Amino acid sequence: MLDAKLIRENPELVRKALKDRQMGTEFLEEIISLDSQRREALQVVEQRKAERNSISSEIARAKASKDNEKAQALMERAKEISSEVKDLDTRSSSIEEELKNKLLYLPNIPSDKTPFGKGEHDNVVVRTWGEPKKPVFEVKPHWDYGPETGLIDFERAAKLSGARFVILRRDLARLERAIANFMLDLHHSKGYEEVALPFMVKRETMQATGQLPKFEEEAYRIEPDDMFMIPTAEVPLVAQHMDEILDGDLPKKYTAYSACFRREAGSYGKDVRGMIRVHQFDKVELVWFTHPDSSYEALEQLTADAEDVLQKLKLPYRVVALCTGDIGFASAKTYDLEVWLPSYETYREISSCSNVEEFQPRRANIRFRDSDNKLKFVHCLNGSGLAVGRTLVAIVENYQREDGRIDVPEVLVPYMRQEVIG
């Protein structure tokens, strides 16, 4: 959430941010108007209250001088003012609520470190790692390999749950578990605190991290409890500190495994084959809470931690800085990690690492005390470290042999206790 004071004092900054995001500014003008109305209403309330206090003193003097007629007239006026104040308070509260609701739909301001662009074609490749293999045989895409070997079952998953669900069997089910355990162990070795969190959360929790109200159509809601299946472990990892003042040294670094649930509303027709875009998937998440002065150094380190997973798995990838027209709603700056997938003959996103600055902490009211003992909002960062299903797909396709077997990456052999699948 953006600070209403920032919008009031520097509206041009926010207008530019919306234009850089390829968005209109009409919504911002409504917010500015509501803020002005709210402040005017509060000013009138204070004036009326001051007038009422002054009349109260006059009433006391009139009664002391036994001027009953004047006292009665003043009391009638005081009654009128009290009624006006009540009406103004109601109007002010109504404006305040409308303003707050509209602020929840306003995206974060892109950092000046984020490249300008209109869409994904303007994203900037920062670096690449590893060379995509050029096998002498035709690599089977995972959506063919899985059903042919019986290790990925789309048909029975559809029978159980509908389209865009998947069942993994035998060695691939074990590989998925091995990947998640490897990631968690690796992040633990780097000082991340592992957390096991609920997969269902309250509306307030989703709102605190920017998922609601704007993206409610993307979420799976549970009635009649008004709870939501989490779209990412980022949600409970961030919101666990809602309405808290963080004690101790910053940064605080967390990692968590979770299943993730997304409707993928509006994505129909995209990646309809295979496991790339499904309604339920596993992910290992990274979340940092940092001092504002060091959050961009933290973003580089968080991104490097996610990259290290790919490097240890020896999967070719590239790092892409998203432009202003493609970054997410809450993000100020984002790096996407894209892994090489032979089935697509290109790189596909496997992680997204973002600095949201104080956008989420302001919504969730997460603060710290600075060196002057003043309360300030922390900065928050998040990243996938990594999406487990897409990592599995990358291994199946990049480690595939001509005879159809799959080599297990060296770092996963201790978890799998075998070197070959198939």
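1. In strand 11 (333–341), the side facing one way carries K333, Y335, L337, V339 and L341, while T334, D336, E338 and W340 point the other way, and all are buried, where buried means under 20% relative accessible area with a 1.4 Å probe and protein chains only. Because nine of the nine residues of strand 11 are buried, this strand is largely enclosed by the rest of the structure. Helices (H or I, at least four residues) and strands (E, at least two) are DSSP runs, numbered from the N terminus.

2. Please keep in mind that this is a predicted model, in which local features need pLDDT of at least 70 and side-chain atom pairs count only at pLDDT 80 or more, whereas totals for chains, interfaces and linings use all residues. Residues are numbered from 1 along each chain as its sequence is written, and side-chain values use heavy atoms, with hydrogens and water left out.

3. Strands of a sheet pair through backbone hydrogen bonds, either parallel or antiparallel; here two strands count as paired if DSSP finds at least two bridges between them. Strand 11 is antiparallel to strand 10 over five bridges, with E338 of strand 11 as the bridge partner of R318, and strand 11 is also antiparallel to strand 12, over nine bridges, where L341 has T346 as its partner. Strands 11 and 12 form a hairpin with four residues between them, and E345 in the turn has a positive phi of about 55°.

4. These strands belong to an open sheet of eight strands with mixed pairing, in the order 1-10-11-12-15-9-8-4. Its edge strands, strand 1 (124–129) and strand 4 (193–194), each pair on one side only. Strand 12 (residues 346–357) and strand 15 (residues 379–387) run antiparallel and are joined by four bridges, and N355 has L381 of strand 15 as its bridge partner.

5. Helix 3 (residues 26–64) and helix 4 (residues 68–103) pack at an angle of about 160°, with their axes 8 Å apart; axes are lines fitted to C-alpha atoms, for helices over the stretch in contact, and angles run from 0 to 180 degrees between N-to-C directions. That angle makes helix 3 roughly antiparallel to helix 4, a term used for angles over 145 degrees. The residues of their contact (heavy atoms within 4.5 Å) divide into 20 nonpolar, three polar and 17 charged, where Ala, Val, Leu, Ile, Met, Phe, Trp, Tyr, Cys and Pro count as nonpolar, Asp, Glu, Lys and Arg as charged, and the others, Gly among them, as polar.

Technical notes. Angles under 35 degrees count as roughly parallel, over 145 as roughly antiparallel, 65 to 115 as roughly perpendicular and the rest as oblique. Buried means under 20% relative accessible area, exposed over 50%, partly exposed in between (1.4 Å probe, protein chains only).
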